[in-house]
Amino acid sequence: MLFKQQALLRQKLFVLGSLAIGSLLYLVARVGSLDRLQPLCPVDGRFGPRGQDEIPLRALQFKRGLLHEFRKGNATKEQIRLHNLVQQLPKAIIIGVRKGGTRALLEMLNLHPAVVKASQEIHFFDNDENYAKGIEWYRKKMPFSYPHQITIEKSPAYFITEEVPERIYKMNSSIKLLIIVREPTTRAISDYTQVLEGKERKNKTYYKFEKLAIDPNTCEVNTKYKAVRTSIYTKHLERWLKYFPIEQFHIVDGDRLITEPLPELQLVEKFLNLPPRISQYNLYFNATRGFYCLRFNIVFNKCLAGSKGRIHPEVDTSVITKLRKFFHPFNQKFYQITGRTFNWP
């Protein structure tokens, strides 16, 4: 009899214990889900003291998912109105240069909770057909954002296209312009490498870099080759300076952005008058890829596409020397105009 009573007591205790543990797990899950569903979150803990620059933490998974749905066109007009979201013209544009690191810069700036990026290159100002569609067409290509956030787009062809400076000036004469540059010879080879990969993918043949970069008739640098022309940064910048003062430009070191991104991003934050929010927490080195990847929060990480960091073909050292000698006077003038010096050979 005593044995049966003890067994019954143990059974009751087991049931009560299971109910208690189940209730506790439910409460934990419930609290966690409520936290995740908060549309706004104080910035004190992660991004420092709150003040007049207070911004909703778009980095939260809830907000990031919400904006993603809006970008896909899955939101109703009522949802957009309730969340006070708008499509704004960009207050800053990454105008170049091609193969300088424009995509990396855009993705890294998107770590900042006050920045919203246009995912695709719009090619509004450099494409006559797109430009003819008007500024409202351009605005509707922008992502949804909160009114106090900065929308940024990037189209590296802007930097070298003659009509673009005047067109952007007509849209916004006080816009901030970002130019990311790399050592000119390295950038030209990277430009060639991207085109070469595209040709190989289509089983097409292509000239060697040396044959394109050097004029076979004069044995001098071929300035008609687009990859070479793009690397003459000062020539393109002088055209922009006819419309915008140098103070509206910020030069980003694309080589340093690869090896030591945080200091470069902090300089951009300052140029854009943004409160400092990007930290080393947001950037971690991926040894497999050989590049820094992005950490938005404990859940969401992102690395750049596998097409970044292509292996360059071997180029004749005499051609590299000739190119560096050619670019040298243009580089010196670029340093003088921008006030930023690089250790380019």
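UniProt positions are given in the numbering used here, and such annotations may be inferred rather than shown by experiment. Keep that in mind as you explore this predicted model.

Select K99, which the unreviewed UniProt entry annotates as "active site". You will find K99 in the loop that runs between strand β2 (92–96) and helix α5 (102–109). Is K99 buried or exposed? With a relative accessible area of 17%, K99 is buried, because buried means under 20%.

Now bring up the surroundings of K99. Leaving aside residues up to four places away in sequence, K99 touches R182, R187, S190, D191, Q194 and R310. Show their side chains to see what sits around the annotated position.

**Second stop: the disulfide.** How many disulfides does the structure hold? There is one. Select C293 and C303 to see it: their sulfur atoms are 1.8 Å apart. Turn the view to look along the S-S bond, where the angle of 105 degrees makes this link right-handed.

C293 is buried, at 1% relative accessibility, whereas C303 is partly exposed, at 27%.

Technical notes: Residues are numbered from 1 along each chain as its sequence is written. This is a predicted model: local features need pLDDT of at least 70, side-chain atom pairs count only at pLDDT 80 or more; totals for chains, interfaces and linings use all residues. Side-chain values use heavy atoms; hydrogens and water are left out. A disulfide is a pair of cysteine sulfur atoms within 2.5 Å. Buried means under 20% relative accessible area, exposed over 50%, partly exposed in between (1.4 Å probe, protein chains only). Helices (H or I, at least four residues) and strands (E, at least two) are DSSP runs, numbered from the N terminus. Contact means heavy atoms within 4.5 Å.
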